[in-house]
Amino acid sequence: MALYNVGDRVIVRENLGTIDNNYRYGYGSGMERFCGQTVTISAVNHDFEDENCVVYSLAEDDEHWKWGSDDFVGLADSSTSQPIVSKKADLKTAWGQYCDTDKLVDDVMALLTKYGHRNSEYGVCKMLNEYFTNKKDLIELFQKSEHYIGDMRMMIDIELERENSACDIRKFCDEFCSNVGASKLLLKYKDENGKKFEDYLRTGVKSITAKDLMKPETATKLKKATEAQDKFARDGATLASHMVNNECYGTVRKFRNISISTISKEFAESVDEKYKVREGMKTSRAFNRVCTFYGIDKAKKYNKLFAQYADMVNGLKRKLKFFISVNPIDYLTMSFGVNWASCHTIDKENRRRMPSSYSGMYCGGTMSYMLDGTSIITFVHDHVPTNWEDGKIYRCMFHYGNDILVQGRVYPQGNDGRTDLYKVFRNYMQDELSALLGLTDTIWRKKDNGRVSSNVNSLGVHYRDYTNFSDCNVSYPRERSDSSDNVITIGHSGVCPHCGRPITENGRISHSSCRVPLADTAWTTVTTTTFSF
Ligand SMILES: [Zn+2]
């Protein structure tokens with residue numbers, strides 16, 4: 001299926017000129033005379049099932065040149081049988097049963113405007129109309145779920161095993177004493193007599209002559225003072241307290257090599273009996289005993305730091321929220337990670353300040369997924385976001401249809417220590433689908449790696465991660481094994497949220513320049529409304 005069919009009347013973009021790069025398949029002499037003109041598609045070659053690779057021929061140039069979707073503005077006469085949805089009220093009438101469509105239009109417009117993508121109520125309504133038309137079946141499937149939370153989303157509470165990171169633990173133990181401020185508590189500046197170093201400098205003798213030194217009482221006094229002074233270090237703290245301080249640092253640092261949650265026999269034997277650290281004891285408890293022994297558990301920062309340590313060594317499970325969504329905002333923000341971005345981000349200028357945003361070179365892909373009939377976005381948060389721009393911890397696209405489930409790449413990475421996130425997320429997705437599809441046998445089978453390409457047709461401008469990464473896969477319900485070779489279509493050509501016409505540019509959400517024929521009545525109506533830029 002290509003964007004245009006034989007017989008379609010399309011408009012060639014204006015001002016393409018005579019430069020090779022301006023045409024999808026390069027410039028050929030005379031092509032420029034079609035710019036801005038309405039032409040007729042006479043042949044369509046779409047061997048690769050990818051709109052970017054579709055080759056169109058035109059009747060008007062006797063099929064002399066190859067043309068691509070990018071060379072066309074869109075259909076010349078888009079008068080179809082469908083009612084024209086061009087404003088919020090129309091969208092509400094058509095799709096209001098699924099969500100508050102007025103709010104959705106406002107939110108989409110605000111989001112696009114914030115990240116510098118031109119839009120209008122007209123364009124966004126056209127885009128969302130296409131979305132609802134194609135996603136209707138998935139939305140209705142989701143609505144049946146006990147996990148459905150409204151707004152085309154499901155939410156499941158999940159727990160993820162956290163891998164102890166040996167490196168983090170080492171770093172933590174090395175820095176713990178200074179971070180908690182142990183020396184402040186351990187170093188004593190007064191000796192057992194309650195006197196400071198300075199106190200021993202004042203001997204009670206104002207000036208000493210050689211003669212004075214002959215007097216035994218003066219000499220004894222001086223000797224005692226010197227001895228007392230020797231019990232202090234250069235910083236004025238007592239040497240005894242320095243020893244305790246050093247011992248504390250040393251003992252805490254011994255924990256740097258333990259990344260298991262219980263104390264081993266060897267470790268228990270390697271530390272002094274006085275700490276009462278026993279084999280089999282929880283590592284965090286043993287750590288706490290050592291700290292309590294030195295009284296550094298009374299430090300202000302202790303509780304916070306200790307909690308951090310306990311989290312690391314206890315192999316705690318993280319309580320997280322797993323979202324399964326077909327909400328338009330979630331596609332647009334699919335690469336808004338908590339500390340990551342990807343080439344699909346609509347934040348082309350990297351205002352979110354992520355390590356790499358790849359200039360959003362595939363940002364049009366968000367719409368490709370949004371507008372097709374199969375793509376489902378799943379993502380993980382540690383809370384229910386109140387603002388859907390909140391950074392996602394993980395994101396993975398799934399594509400479901402014809403009883404097969406395609407799993408895309410897990411971002412930012414497919415594992416959490418030893419945990420295979422592909423498997424974890426796929427299992428949640430499959431379990432959810434099993435219930436929604438009413439499967440009696442809830443087992444799913446996964447095809448061998450690298451077999452995704454034979455199960456998919458790709459359209460639109462999204463990045464085909466599912467055919468480019470070996471972890472991506474196809475699975476199907478065991479009781480529907482006949483479906484294993486079924487094919488689904490992933491992606492869809494875009495709808496410009498500004499002019500509402502087709503768009504097939506990778507790096508853009510809306511046209512760089514919307515060329516709209518004056519004859520378009522829908523456009524004429526909308527010119528009376530205000531646009532947001
Ligand atoms: Zn446009």
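Q: What makes the arrangement of the four donor atoms around the zinc ion tetrahedral?
A: Happy to walk through it, bearing in mind that this is a predicted model. The angles at the zinc ion run from 97 to 123 degrees. Four donors count as tetrahedral if all angles lie between 85 and 135 degrees, so the zinc ion's four donors qualify as tetrahedral. For reference, the ideal angle for four tetrahedral donors is 109.5 degrees.

Q: Which atoms coordinate the zinc ion, and how do you know that they are donors?
A: They are Cys496 (SG), Cys499 (SG), His511 (ND1) and Cys514 (SG), at 2.1 to 2.3 Å. A donor has to be an N, O or S atom within 2.8 Å of the metal, so these four atoms pass. Along the chain, their spacing reads C-x2-C-x11-H-x2-C.

Q: What makes cysteine 499 and cysteine 514 a link between distant parts of the chain?
A: Cysteine 499 lies in the loop between strand 17 (494-495) and strand 18 (502-503), while cysteine 514 lies in the loop between strand 18 and helix 16 (521-526). The two are 15 residues apart. Cysteine 499 and cysteine 514 are both buried.

Q: Why is cysteine 125 called buried?
A: Its relative accessibility is 0%. Buried means under 20%, so cysteine 125 counts as buried. Cysteine 291 is also buried, with a relative accessible area of 0%.

Q: Why are strand 5 and strand 13 said to stand at the edges?
A: Eight strands form an open sheet in the order 5-6-7-8-9-10-15-13, with antiparallel pairing. Strand 5 (148-150) and strand 13 (444-446) each have a single partner strand, so one side of each is left without a neighbour in the sheet. On average, neighbouring strands here are turned by 30 degrees against each other, direction ignored.

Q: How do you know that strand 7 and strand 8 pair?
A: Five bridges join strand 7 (residues 317-325) to strand 8 (residues 375-381) in the antiparallel sense. Pairing takes at least two bridges, so strand 7 and strand 8 meet the rule. Serine 325 stands opposite isoleucine 377 in strand 8. Six bridges join strand 8 to strand 9, again antiparallel, and isoleucine 376 has phenylalanine 398 in strand 9 as its bridge partner.

Q: What makes both faces of strand 8 covered?
A: Ser375, Ile377, Phe379 and His381 on one side are buried, as are Ile376, Thr378 and Val380 on the other. Helix 3 (residues 121-143) packs on the sheet, and strand 8 is among the strands it touches. The direction of helix 3 makes about 45 degrees with that of strand 8. Helix 14 (residues 421-437) lies across several strands, including strand 8, and runs at about 145 degrees to strand 10.

Key
Residues numbered from 1 in each chain as written. Predicted model: local features only at pLDDT ≥ 70, side-chain atom pairs only at ≥ 80, totals over all residues. Heavy atoms only, no water. Buried < 20%, exposed > 50% of the residue type's maximum accessible area, 1.4 Å probe, protein only. Donors = N, O, S within 2.8 Å, 3.2 Å for Na, K, Ca; no water. Tetrahedral: all angles 85-135°; square planar, octahedral: opposite > 155°, others 65-115°. Helix = DSSP H or I, 4+ residues; strand = E, 2+ residues; numbered from the N terminus. Axes fitted to C-alpha atoms, helices over the stretch in contact; angles between N-to-C directions. Contact = heavy atoms within 4.5 Å.
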